[in-house]
Amino acid sequence: MLRLGENLTVKTVLTDSPETAAEFIRSGGLAAFPTETVYGLGANVFDETAVAKIFDAKRRPADNPLIAHVARREDILLLVAQVTETAQVLIDNFFPGPLTIVGSKSAAVPAMATAGLDTIGVRMPRNEIAFRFLSACGTPVVAPSANLSGRPSPTTWHAVVEDLDGRIDCILKGDPAEIGLESTVVDCTGDIPLILRTGSISLEQIAAVLPNVRHYEPTETAAPRSPGLRHRHYSPRAKVVIDGSRIDDADKSAFIGVNTNGAQFALIEICESVDEYARELFGFFRKCDRRGIETIYCEEVPATGIGAALMDRLRRAASGK
Ligand code: TXA
Ligand code: MG
């Protein structure tokens, strides 16, 4: 942040130009950018000082590893020590797209980017602006979701401004995110591919090409495979209640779902499909917080396809985890 005298502060640069935003990455700064899942907060993966700034700007716990983003398949080899057979199948079928593979990390990646883990998450977004931005950066870019830690992920550039204005160098403006929930994360380091985080690429879609894929079940004793899932996530300030026919106070309550439940609320969002529900959820959480809503009632949907990822985010928001 550039200070001009006592009170006058030049804040984060807003731009439509992927090249302008990439210039900040090339010079060691932080730039937020759109992807098809949610907006990311980027830094050059090989620049340890820049990577450290991400943790500061987001107030992110240092034990939560970052996902590296590439423009081209060949750049994956800059990040992982080897591409396993399962990783290759996922790359062939789902890159570019809303899927992150976890593989063993190459020695060139600084430990800070992966929170000291010897593995790294890699993703190749399919969003056109993200592609132009990453190409112009000329390096893989680590990027967590561009929100303050614990807040809902940003699905619009306005949400990035809300959380990070003045804390980062640049925001590359794009359209609202097409999917609205974060990528599916799959651990490809073992014999059995494990889904660490659900997303819009569903278990069913992955099982069609990797029949032995499973959801990772954390146990009490084993070290968590996806440290990020330990931290508080996806939460508005308001209390989130899944379904819940009881309404505390209609004036301070909101509802989101695909069907009305007939009751009165201060804010109601009825979506045309589960896809739209997923796309709107985080933006709705933020809107509720701005309006001082105290309880958000969320309709339960079948946990298939993107419904599984949606229910995962709702449960985390409802439990405050
Ligand atoms: O869709 C997305 O993935 C977005 C966009 C910006 O690409 N990014 C995103 O990043 O959601 P973040 O940092 O908010 O979430 C990354 C998740 C965390 O749950 C983290 O623990 C997990 O991925 N993760 C990252 N690297 C990992 C690794 N090496 N091993 C296991 N889990 C990892
Ligand atoms: Mg996040």
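Pro 144, leaving aside neighbours within four places in sequence, is in contact with Tyr 39, Gly 40, Leu 41, Ile 54, Lys 58, Arg 60 and Leu 66. In this predicted model, Pro 144 is placed in the loop between strand E9 (141-142) and helix H5, and at 6% relative accessibility the residue counts as buried. One of its contacts, Lys 58, stands 86 residues away along the chain, yet the C-alpha atoms of Pro 144 and Lys 58 are separated by 9.0 Å. The points below take up other loop residues, backbone geometry, aromatic rings, and the pockets and cavities.

**Loop residues and their surroundings**

- Asp 75, which belongs to the loop between strand E6 (67-69) and helix H3 (85-94), has a relative accessible area of 14%, and because the limit for a buried residue is under 20%, Asp 75 is classed as buried.
- The contacts of Asp 75, not counting residues up to four places away in sequence, are Val 70 and Pro 140.
- Ser 200 is found in the loop between strand E12 (194-197) and helix H6 (203-207), and with a relative accessibility of 19% this serine also counts as buried.
- When residues up to four places away in sequence are set aside, Ser 200 touches Pro 98, Ile 179, Thr 184, Gln 205 and Ile 306.
- Ala 111, in the loop between E7 and strand E8 (119-123), is partly exposed, with a relative accessible area of 44%.
- Ala 111 and Ile 206 are 95 residues apart in sequence, and their C-alpha atoms are 29 Å apart in space.

**Backbone geometry**

- Most residues other than glycine have a negative phi, and most peptide bonds are trans.
- Arg 59 has a positive phi, near 55°, in a residue other than glycine; this arginine is placed in the loop between helix H2 (48-58) and E6, and at 53% relative accessibility Arg 59 counts as exposed.
- Ala 115 likewise has a positive phi, of about 55°, although it is not a glycine; its place is in the loop between E7 and E8, where Ala 115 is partly exposed with a relative accessible area of 22%.
- The peptide bond that joins Phe 95 and Pro 96 is cis, with omega at about -10°, and Pro 96 itself is placed in the loop between H3 and E7.

**Aromatic rings**

- The count of aromatic pairs comes to 4, and among them is the pair formed by Phe 255 and Phe 265, whose ring centres lie 5.4 Å apart with planes at 25°, so the pair is stacked.
- Phe 255 lies in strand E15 (residues 253-257) and Phe 265 in the loop between E15 and strand E16 (267-270), so this pair ties together parts that are 10 residues apart in sequence.
- At another ring, that of Trp 157, the charged end of Lys 173 sits over the ring, 5.0 Å from its centre.

**The second largest pocket**

- The second largest pocket has a volume of about 250 Å³ and is lined by 15 residues, of which Thr 155, Thr 156, Gly 283, Phe 284 and Arg 290 lie nearest its centre.
- Helix H5 (157-164) and helix H7 (274-290) each supply at least two residues of this lining, and H7 gives the most, with 7 residues.
- Divided by class, the lining of the second largest pocket has 4 nonpolar, 4 polar and 7 charged residues.

**The second largest cavity**

- Rolling a probe the size of a water molecule over the atoms shows where empty space is left.
- Cavities of 30 Å³ or more come to a count of 3, and the second largest cavity has a volume of about 50 Å³.
- The second largest cavity is lined by Ile 76, Val 80, Gln 82, Val 83, Thr 84, Ala 87, Ile 101, Val 102, Gly 103 and Ser 104.
- Strand E7 (residues 99-104) provides the largest share of that lining, with 4 residues.
- The residues lining the second largest cavity divide into 6 nonpolar, 4 polar and no charged.

Definitions and conventions:
Residues are numbered from 1 along each chain as its sequence is written. Chains are lettered from A and ligands numbered from 1 in the order in which they are written. This is a predicted model: local features need pLDDT of at least 70, side-chain atom pairs count only at pLDDT 80 or more; totals for chains, interfaces and linings use all residues. Side-chain values use heavy atoms; hydrogens and water are left out. Buried means under 20% relative accessible area, exposed over 50%, partly exposed in between (1.4 Å probe, protein chains only). Contact means heavy atoms within 4.5 Å. Rings of Phe, Tyr and Trp (its six-membered ring) pair if their centres lie within 6.5 Å; planes under 30 degrees apart count as stacked, over 60 as edge-to-face and the rest as tilted. A charge sits over a ring if NZ of Lys or CZ of Arg is within 6 Å of the ring centre and within 35 degrees of the ring normal. On a 1 Å grid over the protein atoms alone, a cavity is a set of points where a 1.4 Å probe fits but cannot get out, and a pocket is an open set with protein on both sides within 12 Å along at least five of seven lines; lining residues have an atom within 4 Å of a point. Grid points are joined across faces, edges and corners, and a volume is the space filled by probe spheres set on the points. Ala, Val, Leu, Ile, Met, Phe, Trp, Tyr, Cys and Pro count as nonpolar, Asp, Glu, Lys and Arg as charged, and the others, Gly among them, as polar.
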